[in-house]
Amino acid sequence: MAGVLLLLQAGCASYSRHFEQEIQTLASQDPAAALAALDKQHHPERNRVLYHLNRAMLLHMLGDYAASNDEFEQAKNVIEQYQATSISEESAAFFINDGTRTYTGSSLEQLMLHVYAAINYLLQNQVDAARVEALQIDVRLRQLQEADPDSILSIDPFVRYLTGLIYEQLGEIDNAMIAWRKAYNAYLEHQKVYGINVPRILKQDLLRVSRQLGLTEEYNEYQARFDVEDRQRDREQSELIVLFHKDLAPIKRSQRIAQVDPTTGYLVHFALPVYEPRHSHLSHARVVVAGQRTRTEPMEDISAIALRTLQENMSAITARALARAVVKYKMSRQAGENDGLAGLLMNIAGVVSEQADTRSWLTLPGEIQMARVTLPPGDYNVSLELIGMSGQVTHSRQLGRVNLSPGGKQYLSYLWFPAYSTTRR
C-alpha cells in the first residue's frame with residue numbers, strides 16, 4: 001500500500017497546466033502581473049531552474065536587465081549542481097516518471113540562457129560582460145558537438161551572429177569576421193532543415209567587413225552570390241539594433257499511448273510529451289525612427305528547433321516510458337496474485353503516476369527577429385509597428401528615446417506574446 005501512495009503522490013500533474021495562469025497573464029502583455037503570479041506559486045526544488053528562467057525572462061520584459069541576469073546566473077548554478085546524474089533520481093524516474101528528476105533544461109534552453117544573458121549585457125552597454133557570455137556560448141556549442149557531431153544545434157547560426165556583433169563592437173574585427181562566416185555556413189544548414197533564410201543583414205556584414213579587411217577574393221565571392229547592396233558605414237555614424245522576440249515557444253503536453261510491449265506481449269499504457277504549436281498572428285515588425293521604417297528579419301526559429309530537439313530525443317523517451325510501464329504492469333500482476341484489491345490499486349496507481357515530463361521554459365520566445373538601423377549621432381524616438389500575416393499594422397509600441405553617440409551602437413529589445421487558446425493538458 002505504501003508503494004501505491006508513493007506512486008499517487010508522485011504522479012505530478014502536468015507542469016504546463018500549473019503555469020497556465022501566467023501564460024494567460026502574459027497574453028494580456030502584463031509581465032509585472034505574471035511575475036507576481038509566478039512568485040506566489042510553489043516551485044519544487046526539482047523545478048528550480050525553470051523558476052529562475054521564467055523570472056529572468058519576465059524581468060527582461062520589464063526592462064530590469066541586471067535582475068534578469070541575476071536570475072540567469074542562479075539558473076546556471078542549478079544546472080551546474082544537478083547536471084551530473086543522480087542515482088536516486090534516476091531510480092525514481094524509472095519507477096515513477098521522468099518528471100521526478102531535477103530539471104536542468106534542454107540543450108536548446110541551456111544555449112538560449114546564455115544568448116539572453118548576453119543580450120541583457122548588451123542592453124546595459126556592458127559589452128565586455130557580453131563577451132564573457134559569448135565565450136561561454138562557444139564552450140557550450142563545442143560540448144554539443146562533442147556529444148553529437150551531427151547535432152545541428154551545435155552550429156546554431158544566430159548565436160554565431162550575436163557573438164560577431166559583440167566582437168565587432170569591441171573592435172575585434174577579425175573575430176567578428178570568423179563568427180559571421182560560421183553564422184553564414186550555419187544558416188545554409190539551418191535553411192535545409194528549418195527553412196530559415198540567410199538574413200540580409202548578415203550578407204551586408206560579410207560584404208562590409210571582408211572589404212574592410214582587404215579580403216578581396218572573399219568579398220568578390222560574396223558580391224557575386226548575394227542579392228544585397230554593399231553598404232559601407234562612416235565611422236562617425238551610429239547604429240540602432242532592435243531585437244524583436246515574437247510569440248512563445250511551443251508548449252509541452254502529455255499524450256497517453258497504448259502499446260504492446262514486443263518483449264512481453266503486454267498491452268501497456270504510458271504517456272509521452274508532445275509539443276502543442278502556438279500559431280502566430282504576426283509576420284514581423286517595423287522599426288520606425290527618424291522617418292525611416294526598417295523591417296525586422298527572422299534570425300532564429302526557436303519553435304522549430306524545440307520541435308526537432310524533442311523529436312530527436314523521442315526514441316529514448318519512448319523506450320524509458322515503455323520499460324517503466326511494463327515494470328509497473330508486472331508489479332500490479334504480482335500483487336494481484338496475492339490480493340486482488342492490492343493488485344487493482346497498484347494498477348490504478350501505476351496509470352495515474354504515468355505522466356509525461358512536460359516541463360519546459362514556457363516564457364522562451366518562439367522566434368527572434370532583428371533590424372539594424374544606421375543613423376547620424378543624436379537623440380531619437382523609436383517605435384515599433386507589429387505587422388500581421390496580411391501585411392497590416394496590428395499594433396504600435398513606443399520603445400522610448402535613445403541617444404546615439406558617434407560610432408556607437410545601442411540595443412533595444414521588445415517581446416510580443418499574443419493570446420493563445422489552448423485545448424489540451
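Modeller: Leaving aside its neighbours within four places in sequence, Met112 is in contact with Asp156, Val159, Glu300, Ile302, Trp361 and Leu364, where contact means heavy atoms within 4.5 Å. The model is a predicted one, in which local features need pLDDT of at least 70 and side-chain atom pairs count only at pLDDT 80 or more, whereas totals for chains, interfaces and linings use all residues. Residues are numbered from 1 along each chain as its sequence is written, and side-chain values use heavy atoms, with hydrogens and water left out.

Met112 also belongs to the largest nonpolar core, which has 96 residues, and together with Tyr116, Phe158, Tyr161, Leu202 and Met370 it touches the most other members. Such a core is a set of buried Ala, Val, Leu, Ile, Met, Phe, Trp, Tyr and Cys residues joined through side-chain atoms within 4.5 Å, buried being under 20% relative accessible area with a 1.4 Å probe and protein chains only. Helix α8 supplies the largest share of this core, twelve residues; helices (H or I, at least four residues) and strands (E, at least two) are DSSP runs numbered from the N terminus. Another core, of 20 residues, lies apart from the largest one and has Leu282, Val382, Leu404 and Tyr414 among its members. For the protein as a whole, 54% of the 425 residues count as buried.

We can now turn to the sheet. Four strands form an open sheet in the order β6-β7-β1-β10, with mixed pairing, two strands being paired if DSSP finds at least two bridges between them. Because β6 (297–300) and β10 (409–416) stand at the edges with a single partner strand each, one side of each is left without a neighbour in the sheet. From one strand to the next the twist averages 30°; axes are lines fitted to C-alpha atoms, for helices over the stretch in contact, and angles run from 0 to 180 degrees between N-to-C directions. Strand β1 (residues 238–248) runs parallel to β10 and is joined to it by eight bridges, with Ile241 standing opposite Tyr411 in β10. Helix α5 (residues 48–61) packs on this sheet, where it touches β1, β7 (365–375) and β10, and its direction makes about 115° with that of β10. Helix α8 (residues 107–123) lies across β1, β6, β7 and β10 and runs at about 130° to β10.

The axes of α9 (residues 127–147) and α10 (residues 157–169) come within 10 Å and cross at roughly 145°.

Conventions
Buried < 20%, exposed > 50% of the residue type's maximum accessible area, 1.4 Å probe, protein only.
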